[in-house]
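The sequence and structure come first.

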Amino acid sequence: MIGFKIALRSLLRRKSRVVLIAALVVFGTLLLVVGTTLTRSAGIASRASIIQNFTGDFIVYAARSNEIPSPFSFNTPLPVVPDLDKVKAWLSAQPEVEAAVPFAQNYSLISVPAKAGTVDLPFIYYAVDPASYSRTFQNVRMVEGDFMASGPGVLISRNQQKHYEERYGVHLSVGQPVTLLGLGDGGGVNALRTTVRGVFEPRYYANVFNYINFMDAASYSQVYNFTGVAPGSLPRKLEQGLQAATQSEDAIFALAGSDTGSIDTSTLKSEAVSGYTMVAVRLKDHGTMEVVRARLASQGLPVKTARWDEASSFFARISSGIQAFIYFATALIVLVVAFIFMNTLIISITERTAEIGTMRALGGERSFIRNLFLGETLLLNVAAAVAGMIASLALVLVFQRTGLPLPETVSMYLVGGGPLPMILSAGPFVVALVVVVAVSILATLLPVRVATRITPLAAMSDR
Amino acid sequence: MSLVQMVDVKKHYMLGDTRVDALRGISLEVQKGEFLAIAGPSGSGKSTILNMIGCIDNPTEGRVLIDGTEVEHLTDTELTRYRRSKIGFIFQSFNLIPVLNVFENIEFPLLLRRTLSKKERERIVMRFVEEVGLSDRLRNKPNELSGGQRQRVAIARALVTSPLIILADEPTANLDSATGHRIVELMKTINETERTTLIFSTHDLHIMEHARRVVHLHDGTVESDDHRGPG
């Protein structure tokens, strides 16, 4: 109790120094809480932005693909997802799955008439089922037209529309007929007459999605000749044999030597098959992701899965990198604050040498001196930390409503653009308090060592 | 048995490259209840002797026994506890704890002991507050007191634990002559009423007049040891 009394009054006696230290601790706490809240919010927002707008919780893709597909990357043509109907049916049957949205990415050309003849415009796009895609993902804000609800066709990003105007002198408008040109597997060019159904702006990751457009899945199949034999057209035995051949090598050879019946080509019916290269799976609860992935892996389907962060190419990594940088900068500033605090305490102890010596002469043990300074430190720093937490709370509450404005480049890579929605939670406050207490104790170790080494002689020699 | 026994005590320390011999073989015995002045010019070794009796410094050679205990073999914690229970200090610069008021400063050594109830502490403190005449200054901080009043607080603080010995290192050096005399008179009265052994250092001839025994030091040796009987 006497230690507490001395500690408290000593603090009140050295007002200017106390104000300086308190200000530093308030600043450090503010930085800790806001920094931790910011990184945590950025992590959540980044994850939410990527999951809700691009990848879903995980991506399903062809097992024979050598690389993980990403809605953010357009480098290598990917194999189509085999047995898509089965995969979709299995996914739809899982209680944890909210939606399974297949899509593909590809390049094409849009051929349009211009003043100097025909112009072929480069066209990068997602091929999607418009209904399920627009129902599941919110990364598109329509500026004109609709998300192909009025019929099959293409959507063009506003940025792409401007680019066509500036670079090629062509203005594509909603309702305009265009010709899509796609290069088939055999090297031939397929042409498809279709219509511009809308112009949109991406809500997130505009740095990538300003250059990406949309096409409906049926048009995509036609442009790329994704056609097959309709079920029931082939002799039953052959269909069964082909089915078995997908399961084992032996079945392939067995098929070659067996009588599967003759094929009447005049009765064969063709149908468009899917050219989808991935299926984005949205879950009701992100926490069930690993369970669902493991369950899917055990089904023996010819597909693999990739987590949202694996499928988000380098964006998740950049976001994590920015978050790590914020943590590092915060830790560095906390370290500097601790260093200043330690030096100030050593100066204070040096000034109080006679007082400490007197206490030691009168019978104060080293532990009394240690507790005195530790108490003084914690009293000041915890009080300042509480003040810092109140200030942080106010700040977080303000930015919770409006979102924290960030430089566009930082925001784009951190959360896909726009202000960062701050998420209030107790965690950063608890972390800040623990860090302040721990750093205070650590920063007091050396000064306390100095203090406890002061002998009673110091009191005697104080002339 | 003598309360304090110093046997051929030598103390030297290094000041840069120079060896300083603070004590050059001091032998001294102090009996219980003595009122002893250690006199001598600056640098003669007065403070060094007090530091050794007060268990805050060790001899380079020789032995120091306090109440039969050879203190140089005690650990830091044992020495601290020994000081707390057996020795009271009065400092030249008063050395009051600046953030505590008169009452709290006097109470401080009792709080370090942690054996007495609040009521008991209050009773003891009030007894000595009255004895040094500071009943009307209980709530004042040291910076609100005169030099003489501060030294009275220091005397009361040294007395509250009923120590075997009170050591006063030049207790009047920072006081005017009249106040200095009053302080020494007060110490003498306490010595008589409490039967506490009181050893003080001084280089003031007028102040040492009050002592019943004066040990004169010169260059770290005892020059004379005058027993004057009742003063």
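## A helix and its cover

In this predicted model, the buried residues of α5(B) are covered by elements of chain B that include β6 (87-90), α3 (102-113), α4 (118-131), β7 (165-169) and α6 (177-194). Because 10 of the 13 residues of α5(B) are buried, the helix is largely enclosed by the rest of the structure. The buried residues are Arg150(B), Gln151(B), Arg152(B), Val153(B), Ala154(B), Ile155(B), Ala156(B), Arg157(B), Ala158(B) and Leu159(B).

Helix α5 of chain B runs over residues 147-159. From its first C-alpha to its last it reaches 19 Å, close to the 18 Å expected at 1.5 Å a residue.

## Nonpolar cores

Ala156(B), one of the buried residues of α5(B), is also among the residues with the most contacts inside the largest nonpolar core, together with Ile53(B), Ile106(B), Leu167(B) and Ile199(B). This core has 120 residues. Helix α2 (residues 15-55) of chain A gives the most to it, with 12 residues.

Beyond its neighbours within four places in sequence, Ile199(B) is in contact with Val30(B), Leu36(B), Ile38(B), Leu50(B), Ile53(B), Ile165(B) and Leu167(B). A second, separate core of 61 residues includes Val101(A), Phe123(A), Val128(A) and Phe137(A).

## Contact between chains A and B

Chain A has 21 residues in contact with 23 residues of chain B. On the chain A side, α1 (2-13), α13 (353-361) and α17 (457-460) each supply at least two residues. By class, that side has nine nonpolar, five polar and seven charged residues.

Note on methods. Residues numbered from 1 in each chain as written. Chains lettered and ligands numbered in written order. Predicted model: local features only at pLDDT ≥ 70, side-chain atom pairs only at ≥ 80, totals over all residues. Contact = placed C-beta atoms within 7 Å. Helix = DSSP H or I, 4+ residues; strand = E, 2+ residues; numbered from the N terminus. Nonpolar A, V, L, I, M, F, W, Y, C, P; charged D, E, K, R; others polar. Expected span 1.5 Å × (residues − 1). Buried ≥ 20, exposed ≤ 12 C-beta atoms within 10 Å, placed from the backbone. Core = buried A, V, L, I, M, F, W, Y, C linked by C-beta atoms within 7 Å.
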